[in-house]
Amino acid sequence: MKKAAFIAGLLLLVVACKKGAEVLPDLSTLFTGFIKPADFPDPVYDVVANPVSEAQFELGKKLFNDARLSRNNTIACSSCHIQSSGFTQHGHDVSHGVDDRLGTRNSPQIMNLAWNKAFFWDGGVTDLDLQPMAPIENPVEMDEKVPNILEKLRADSKYPGLFKDAYGTDEITSSRFLKSLSAYMIMLISDQSKYDSVRRKQAIFTVAEQRGYTVFKKKCASCHTEPLFTDHSYRNNGLAPSAINDLGRYSITLNASDRYKFKVPSLRNLQYTGPFMHDGRILNLAGVLDHYTGEVTDQGTLDPLLKQADGSLGISLTDADKSDLLSFLNTLNDHTFVRNKLFEP
Amino acid sequence: MNKNIFVAILAISVMACSKDNNTATDNNAKGVLSVEFDNIVGNKTLQLNTGDYINALGQSFKITRLQYYISNIKVTNEAGVEYVVPQDSSYFLILGDDRSSRFAKVNVPEGDYKKLSFIVGVDSLRSTMPVENRTGVLDPTGDHAGAGMYWTWNSGYVFFKMEGTSDAVPGAAHKFYYHIGLYGGSDPASPTINNIKEISLDLTQGGISQVRSGFRSNVHLLVDVLKALNGQTNVSFAEKPTVMVDEYSRNIASNYVHMFAHDHTENGVKDESEL
């Protein structure tokens, strides 16, 4: 190829690109509807019966960020589930609600919820559509009633129109209200971490990350199962009972074998979501690993996976294993997710 | 009353009855069957807030709130054939403070029915249906006129709710709360306890239900709510003032299956004012 032609070609390309950058919309804000990531399992939420339209998504987002969902119009869902913190209340061990009342549990991530078969640390809520009622009615969270909220929305100048865009008529019903919140929440999909790129063969792990992944698969993955990093079961990972003696799953089933069991949480986006565990008792990941290696206690329902053949409790990890594990866990952070403009109000 | 007139009336009413019995029933035609849940306490009518009652342990109490779900109504005719009321129209919330809620009214094919059955509470199928299929008394977000018959933190309906006061309850307010629910949960791998109870009542003693198109047959039940507290387990207000999601809820549910007794049946009813 002649040098001049090559340069001309290059110039053209640069111009084309520049022009493209100006006219093409920012892809991250483009609404695509619910698309299951190819390497994720089928969702539990019925996305066929409840396809998400852009109008429903936008309405759900507005509701999620609207403090009128609380009794004194001060607390929104997004007050405790903050996007930049992976939709948790970062820095709070237990949640803060209306009148600064404290809850007893740490706000979990609102992420990849379409794959959850139950919600809350104890799995007490079994349908995402019914989930918002719990914080709304909880006196230490939003302390409000859905019928009151619907009245507030009907009296608003914008909402009736938004419900019409989303559902065809401007009727504001409890089921439409709840479905809209679900429409927003199931769209909060995190699948753009380095780990995901490696799975899709678009990136490779560093040597340390790869070693950490090997340790992870051996010591952690039976509970924190890929690619969602939870097997959605209830287990006791050996935490000593909390100050309020939270019995976890037992408070739902009343089955003695469920005492102190909690839903296995996902391990994606841990960089943004601390503190950790159901009551936020562990401040950082080094502390979590120390828990597994040295602080596991048996309250009678300790998971068998945390009992070694020699009778010792917990998981054995060398210092090198720990450092490698931390490198691997770091690949589960999804910057695109916490900064996705589409999710912002 | 003049004896002759009395005999005449008697004759007419016997004729009326036998006439009814002789009418051939049409399986395609439907009539109204209502089940009346008439709440009583022992041998007194229920008087919320004011009535003074006493349990088997000698503890006196008042009832301030009483409400329960009735669902999945079925009837069996004289030939032993069962008719299941379509589920969509088979959910009722009986509210102690609202007399008009005491009838569970359904349409069933014309016929003579000797057996009635229903569920106290809400079946597991409906408990896990999408929210758009749960309207009216089943709307989980609806506060059911303050009834609050849904647990938001342990997804499921409260089947039976009785609240009140008793001096036997320690503390200043002396309040007791019995909220009974739990349908087994939606996760077979991690089930909750199951307090769904089916009640079956033989109607032959109190009078069979003769359902005819154009008329209403009212099966009048006396619901002795004292039996929720007394029976196999005698509930002590002092020891168990609050029972909600609690192993002990099984005892109260097992007690309250005995609350329902068939008293009589009013057939050929044309207007609710006759009841």
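**Exercise 1. Is A:Phe64 buried or exposed in this predicted model, and which ring does this residue pair with?**

Solution. Begin with accessibility. A:Phe64 has a relative accessibility of 2% and counts as buried, because the cut-off for that class is under 20%. Next, take the partner. A:Phe64 forms an aromatic pair with A:Tyr184, with the ring centres 5.1 Å apart. Then place the two residues in the fold. A:Phe64 belongs to helix 2 (residues 54-64) of chain A and A:Tyr184 to helix 7 (residues 174-186) of chain A, so the pair ties together parts 120 residues apart in sequence.

**Exercise 2. Classify the ring pair of B:Tyr69 and B:Tyr157 and locate both residues.**

Solution. The ring centres are 5.6 Å apart and the planes stand at 80 degrees, so the pair is edge-to-face. B:Tyr69 is in strand 4 (residues 60-77) of chain B, and B:Tyr157 is in strand 10 (residues 156-165) of chain B, so parts 88 residues apart in sequence are tied together. For accessibility, B:Tyr69 is buried with a relative accessible area of 0%, and B:Tyr157 counts as buried at 0% relative accessibility.

**Exercise 3. Which residues are linked with A:Phe64 into a cluster by ring pairs, and how many aromatic pairs are there over all chains?**

Solution. List the cluster: ring pairs link A:Phe64 and A:Tyr184 with A:Phe31, A:Phe57, A:Phe87, A:Phe337 and A:Phe343. Then take the total: the count over all chains is 35 aromatic pairs.

**Exercise 4. Over which rings do A:Lys62 and A:Lys217 lie?**

Solution. Take each lysine in turn. A:Lys62 lies over the face of A:Tyr159, 5.1 Å from the ring centre. A:Lys217 has its charged end over the ring of A:Tyr213, at 4.1 Å from the centre.

**Exercise 5. What is the volume of the largest cavity, and how do its lining residues divide?**

Solution. Start with the count: the structure holds 1 cavity of 30 Å³ or more. The volume of the largest cavity is about 120 Å³. Now turn to the lining. It consists of 18 residues, and those nearest the centre are A:Ile252, B:Asn154, B:Ser155, B:Gly185 and B:Thr192. Sorted by type, the lining has 5 nonpolar, 11 polar and 2 charged residues.

Note on methods:
Residues numbered from 1 in each chain as written. Chains lettered and ligands numbered in written order. Predicted model: local features only at pLDDT ≥ 70, side-chain atom pairs only at ≥ 80, totals over all residues. Heavy atoms only, no water. Phe/Tyr/Trp six-rings, centres within 6.5 Å; stacked < 30°, edge-to-face > 60°. Helix = DSSP H or I, 4+ residues; strand = E, 2+ residues; numbered from the N terminus. Buried < 20%, exposed > 50% of the residue type's maximum accessible area, 1.4 Å probe, protein only. Lys NZ or Arg CZ within 6 Å of the ring centre and 35° of its normal. 1 Å grid on protein atoms, 1.4 Å probe; cavity = no way out; pocket = protein on both sides within 12 Å on 5 of 7 lines; lining within 4 Å. Points joined across faces, edges and corners; volume = space filled by probe spheres on them. Nonpolar A, V, L, I, M, F, W, Y, C, P; charged D, E, K, R; others polar.
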